[in-house]
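Dear colleague,

Please read them with the model open.

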Amino acid sequence: MPNASSWSASSPLLLLWEDSSGTRIFLSLLYAVLAISGTLSNVMVIYLVFSFKKLQTTSNAFIVNGCAADLSVCALWMPQEAVLGLLPPNSSSLRSAEYRLLRGGILGLGLTVSLASHLLVAFNRYVLITKLPSVYQALYQRRHTGCMIGLSWALALLLVPLLPGLWIPGSAQQSALRQTDGTSSYTALLLALAMLGQTALLLHCYLGIVRRVRGSAKRVSVLNFHLLHQLPFPAAPPPPRRAQRRLSSVSVLLLCCVFLLGTQPLVWVSLLGFFLRPAPPALQAASWLLLCSLSALNPLLYTWRSEEFRRAARSVLPRAEGSATAPRPAVAAPPCPQ
């Protein structure tokens, strides 16, 4: 019978040895739901952008890049975790170090590119709203946009081989290694600080957009770009009324809150483990689960306020039979002359 350390080292779901089978089944089902919903939503966004020319904008190119990264997490990593969580603790699949490294590489690649895409989208919208149109056009040429997307993947591919165990959540072997190897501990600290810096830049971009939209609606109205329809808040040519400006602020605030909820728990758990003492395993598990669930929510965060995406989705999804076959009201014929 395996001991607690062996189960912690091989657990893909960050479970404790004393956790019941019901808890493991619940987490497996949760991973399965996230995998199905995240795969469908990411595939839908990618399909809509490639199918409709109006959606082929620079901002949506970064969104598609993030969806592709999130798809690797939802379609490749999460299903494996859902299945492995139902296996017995002494399964050979759980004990294979090479297989754990493969899963950690897939997870690290997807999350790194996804987080980079968040920042690229935020900075793109910030430049569009707060800078001159000539500056935006010069910065976001097609070649420059492709280079930005390529750099996000190159950075992820560079980090994943250098940090093979960093993206393996719940590894007791890696935890022991960090306690004895100062280099790994400082690397984890630097990555946590990098995520904090990325969060600060993202908040600066979106709060700057809110200040500019609320303070000068005319500044937004003169920018005749299709990208304005892809913002997470309405930016129509007419100056927004007070209620519309309030709705814009709520939309941006919701996007930022969901991003913070998904990323910051893991950052602060890592900082707590470095400066004070390791957090409880259950807290580590919850922080990793929140970060991974962000991959399933990202497509909705960036498209739910876009009328162009909703219109494109309605044209693709099958309509309800009741509305399609509803009989038209009969029109009375005019009386015949006597």
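This is a predicted model: local features need pLDDT of at least 70, side-chain atom pairs count only at pLDDT 80 or more; totals for chains, interfaces and linings use all residues.

The chain exposes about 18,100 Å², of which carbon and sulfur atoms supply 68%. The secondary structure amounts to 14 helices and zero strands, and among the contacts that join residues at least 6 apart in sequence, 77% link residues at least 24 apart.

On confidence, the average pLDDT of the protein chain is 74, with 67% of the residues scoring at least 70. Two stretches call for particular care in reading. Over residues 1–13 the pLDDT stays under 50, and the model has 36 contacts beyond four places in sequence for that stretch; over residues 218–247 the pLDDT likewise stays under 50, and there the model has 64 such contacts.

The unreviewed UniProt entry carries the annotation "transmembrane region" for residues 25–50, 62–80, 100–123, 144–168, 188–209, 250–276 and 282–304. I looked at two of these spans in the model. Residues 100–123 are 100% helix and 0% strand, with their end C-alpha atoms 35 Å apart, while residues 282–304 are 96% helix and 0% strand, with their end C-alpha atoms 32 Å apart.

Thr-57 is found in the loop between α2 (21–51) and α3 (58–84), and the side chain of Thr-57 reaches the backbone nitrogen of Asn-60 at 3.3 Å. Although Thr-57 sits in a loop, this residue counts as buried because its relative accessible area of 14% falls under the 20% cut-off.

Thr-145 has its place in helix α7, which runs over residues 142–162, and the UniProt record includes Thr-145 in the annotated span 144–168. Thr-145 is also buried, because its relative accessibility of 7% is under the 20% limit. Which residues does Thr-145 contact, once its neighbours within four places in sequence are left aside? They are Thr-58, Ala-61, Phe-62 and Tyr-140.

With regards

Technical notes:
Residues are numbered from 1 along each chain as its sequence is written. Side-chain values use heavy atoms; hydrogens and water are left out. UniProt positions are given in the numbering used here, feature names are shortened, and annotations may be inferred rather than shown by experiment. Helices (H or I, at least four residues) and strands (E, at least two) are DSSP runs, numbered from the N terminus. Buried means under 20% relative accessible area, exposed over 50%, partly exposed in between (1.4 Å probe, protein chains only). A polar contact is a pair of N or O atoms within 3.5 Å; within protein, one must be able to donate a hydrogen and the other to accept it, and residues adjacent in sequence count only if both atoms are side-chain atoms. pLDDT is the predictor's confidence in each residue, from 0 to 100. Contact means heavy atoms within 4.5 Å. Accessible areas come from the Shrake-Rupley method with a 1.4 Å probe; for residues, only the protein chains shown count as cover.
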